[in-house]
Amino acid sequence: MTQQQVANIANFQQRKASIAEIKAAARGRWSSILQDAGLPSDCLGRFGRPCPKCGGEDRYNADQNVDESGAVFCRHCFTKASDVSPGDGIATVAWLQGSTYGKAAGWLADRLGLVGQTPIKLDIITETALNKRMPVDAFKAFGVKEAKRGRDKRTVCRVDLYNEAGEVHSYFDLWPNAKGKVKQRSPDCDNPSGLFFPGRLPQEGETWIAVEGVKDAAALTGLGFNAFGYCGSRLNPKYGRLFAGVDVVVVPDLDLAGLMGVEHTAASLFGIASSVAVSRLPGSVKDSGGDDVRDVLKRPDGEALVRKAIDDAEPWKPNPDLDDHDDRPDVLVSMNEAMVTDRVVSHLGELGWKTKWIPRKFHEAVRVFVRGGSLVHAIESDDVDAEGRLTIRELPPCLIRERITQACNLVIEKETEGEVVVRRVRPPGWLIDSIAKRGAYNGRMRPLSGVVESPTIRVDGSVVQSPGYDRQTGLIYRPSIDFPTVPDSPSRSDASKALSVLMDVLTDFPIFEDADRTAWVSMVLSMIGRPCIAGYVPLFAVTANIRGAGKSLLVDAATLIAYGRRASRKAFTRDDDEMRKTITAVAIGAVPSVLFDNLDMQLGGASLDAAITSSSWSDRILGQSRMTDLPLRTIWSATGNNMAFGTDIGRRVLPIRLQSPLETPETRTGFKHPDLLAWVGDERPRLAVAALTILRAYFVAGCPVQPNGEWGSFESWSAIIRGAIVWAGGADPLPTRATALAGDDTAALLEKLIVGIEQADPTGIGLTVKEIQIKTYGSEADIKDNEVLAEAVFEICGERFNAHKLGRRIRGMKGRVHGGKFIDNESAGGGVKRWRVRLAESGFGGLRGSVAPQPGADPSLSPDEANTKPSFGGGPERNHSNPPNPPRGSSDDGVVDL
């Protein structure tokens, strides 16, 4: 049915309209009706206006949905004694006109054209078009179909919605006297919004008018324009591709949302469309609910006004003063929180990498990484002496909020009559919390292992020497100075020369022997080449015979070459809880190297032992109730005079020994490098490249295996770092390990106990704790005959013999091999144990494999001889009278030997 046919319908009969019919006809039109009845337009808001009738302040307000209900309220005008009770639009008209409810209904029926007419039954499309002031044929061009909506099967007009690919993917339902509704979200269509097109897409060279919603688009189509509508007050940038080569004129509504949205819409089209212009409809701008194209068309000469506004459209240009012009993607905040979080995390992972709306100079500052399941960022330290160095810090919730707003726009869709309004929102608390505590980011966040200020080398032997983030190692390389290029294919001769360059640093140090020199070189290579070591790195212990020999200076020189600064000091403590907290803080901050300086106590402890041979560190965050599992790649070092090592740490240490012949070495003069650290700082580029040349040359040669490099737990370090040094012509650094093993106080005590028990028990049947007490705390003759055992027992018990303490200590050393022998026990009846010495080869007959000679052993001896020769005189080399291994008895846990 055409517009003219509808207009010519004259078959009607006289009748009286009902109250229900009046309300239905006025629904959605009450704002204009009430203004016709005398209500000022500024009284249509909810609060803040004086009553138009009584003038009272703080008494009057309009209903939230006044356009639907027509209801207003005034506590003074509407009382129990009033002739009219509030509640609907008819009562409001009666109040405004000072009439009765019935007379107001009659006025409304006449105003709405309901008196004396019974229109013929129209189809839903025609009825809706007339109700929304759209040409019927133009409305139908937008793919409108009759459909049923909801449980009540309401008849509606279903309008096609197009996605960014130019395909119909959703719909918009519209019907008379009601708001329109977009298709409900579903798993197959989470974002049902889209564009309204009149049955076809724009073509290159055409001119198209862009408006808000389908109703204005249909009105302009009826005037002969190519028009399309978008949901809300702005066009999403993802639709820009559909308008390549098209001239677009944007016609916004006359309200603040429309005028702000037109900037975003034009920016989304700029550079893609052939041209973008903005039209200004005639009229005043309102805060909300401003006139649109159809409102202007209602005016006298409305069509001429609209055509003139389009003809006068001005070309749009980007405004640098407005921060609304960016390409940040929109993320629709819906009830599907998991999906919203996933999308935001994806955008966070690209922040600073693929975010052209952020100036390049800020890219590094806004990047978000993951470390140990927590979000972190690399920030420039504000410390006075930090010189802009990057520091890794956990990303707090307040900065997660900022990063979200920098990475994307969070929006919600609010449906209003005939359109969907898209509004930006701040990141909600649940989203920030979900992202912060997610733990796993499924590869969307780049992992951050640390920050380096010198070139380094990867596990495959390739060199990292381009500044920026390295995806393979997870490192940020940010050089503080310029470095020469590391040779791509250095030879063995180049590696040998580079080794000599590094050795120049040691010229003024009283190094004990060549193995100690290469042990220091191995520390430098470990620090600068840590990424190429797949396993663990030993602790480097610089020990000297006297203070002032240069222990700390030696470590500082190494860290200055590798990191560009002196070694980071941490306080050493034997309190394992405090040490564990220190290690956790080191792991959180990805501290590359830590020095325990000037120790005056035994080095060791369960936490430190574990940290040296761990690639990750799990602990509770201080002050929080959550656990963290962080990568741990720190290089540990320590200094001290004649250092002593705990039982378990001795095998994890590579000593670097200084032996000064001077009584006061700090007064020495005549140095080649008087200010060593200043010289190292000046020569750092050459020294760092020399270190990397050694490693690169070794990889180029195929990492040929260097013999005698076995070191349990440190196989990768020995194969790469030690192997490169030995291959380049340097001395093997491993022999310095003998100092750590000799400095193991427990090993020395065990040796005394083994020799002492052998001397006191020549028959090999074993000694009870009571018998040990008699031989060591008895007569002077007994003590003299068992001098070594007495010394060991006195070291354990002190001035007074303590059977419990001695039993526990010996039991703690049970089965530990030293010099090819170990202490074992067997039952003597009544819960009493006999302690005796046994040979390792007889006690562990089922063990296969060979035992390498101990570092520092006499090379003329066989491995068995070298490992069984005692250090104390007077004892037998082998006790061949030891009886064969007895059957395994019951456990002695909790038993005290008496």
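Strand 31 (residues 821-829) and strand 32 of this predicted model pair in the antiparallel sense, over eight bridges. K821 in this pairing stands opposite L839 in strand 32. The two strands form a hairpin with two residues between them, and G830 takes a positive phi near 65 degrees there. Strand 32 covers residues 832-839, and six of its eight residues are buried, so the strand is largely enclosed by the rest of the structure.

Strands of a sheet pair through backbone hydrogen bonds, and the pairing is either parallel or antiparallel. Strand 20 pairs with strand 24 (residues 475-477) in the parallel sense, over three bridges. Within that pair, G450 stands opposite L475 in strand 24.

Next come the helices. Helix 15 spans residues 397-407, and its buried residues are L399, I400, R403, I404 and A407. Where do these buried residues fall when seen down the axis of helix 15? They lie within an arc of 145 degrees, so they line one face of the helix. The spacing along a helix matters for such a pattern: an α-helix has 3.6 residues a turn, so residues three or four places apart point the same way.

Helix 10 (residues 256-269) contains M260. Is M260 buried or exposed? M260 has a relative accessible area of 54%, and because the cut-off for exposed is over 50%, M260 counts as exposed. Together with L256, L259 and V285, M260 makes a nonpolar surface patch of about 320 Å².

Charged side chains are the last topic. A search of the whole structure finds 40 salt bridges. One of them joins R149 and D173, whose closest N and O atoms are 2.6 Å apart. This pair links distant parts of the chain, since R149 is in strand 3 (residues 145-149) and D173 is in strand 5 (residues 168-174), 24 residues apart. Both R149 and D173 are buried.

A salt bridge also forms between K437 and D433, with the closest N and O atoms 3.3 Å apart. How exposed are its two residues? K437 is exposed, with a relative accessible area of 64%. D433 has 39% relative accessibility and counts as partly exposed.

R517 and D514 form another salt bridge, and their closest N and O atoms are 3.8 Å apart. Both residues lie in helix 18 (residues 514-528), three residues apart, which is about one turn of the helix. R517 is partly exposed, with a relative accessible area of 25%.

Salt bridges can also be joined in a group. In this structure, D556, R566, R569 and D597 are linked in a network of salt bridges.

Note on methods
Residues are numbered from 1 along each chain as its sequence is written. This is a predicted model: local features need pLDDT of at least 70, side-chain atom pairs count only at pLDDT 80 or more; totals for chains, interfaces and linings use all residues. Side-chain values use heavy atoms; hydrogens and water are left out. Patches are made of residues with over 30% relative accessible area and no salt bridge: like charges are joined within 9 Å, nonpolar side chains (Val, Leu, Ile, Met, Phe, Trp, Tyr) within 5 Å. Accessible areas come from the Shrake-Rupley method with a 1.4 Å probe; for residues, only the protein chains shown count as cover. A salt bridge is a side-chain nitrogen of Lys or Arg within 4 Å of a carboxyl oxygen of Asp or Glu. Helices (H or I, at least four residues) and strands (E, at least two) are DSSP runs, numbered from the N terminus. Buried means under 20% relative accessible area, exposed over 50%, partly exposed in between (1.4 Å probe, protein chains only). Two strands pair if DSSP finds at least two bridges between them. The arc is that of the directions from the helix axis to the C-beta atoms.
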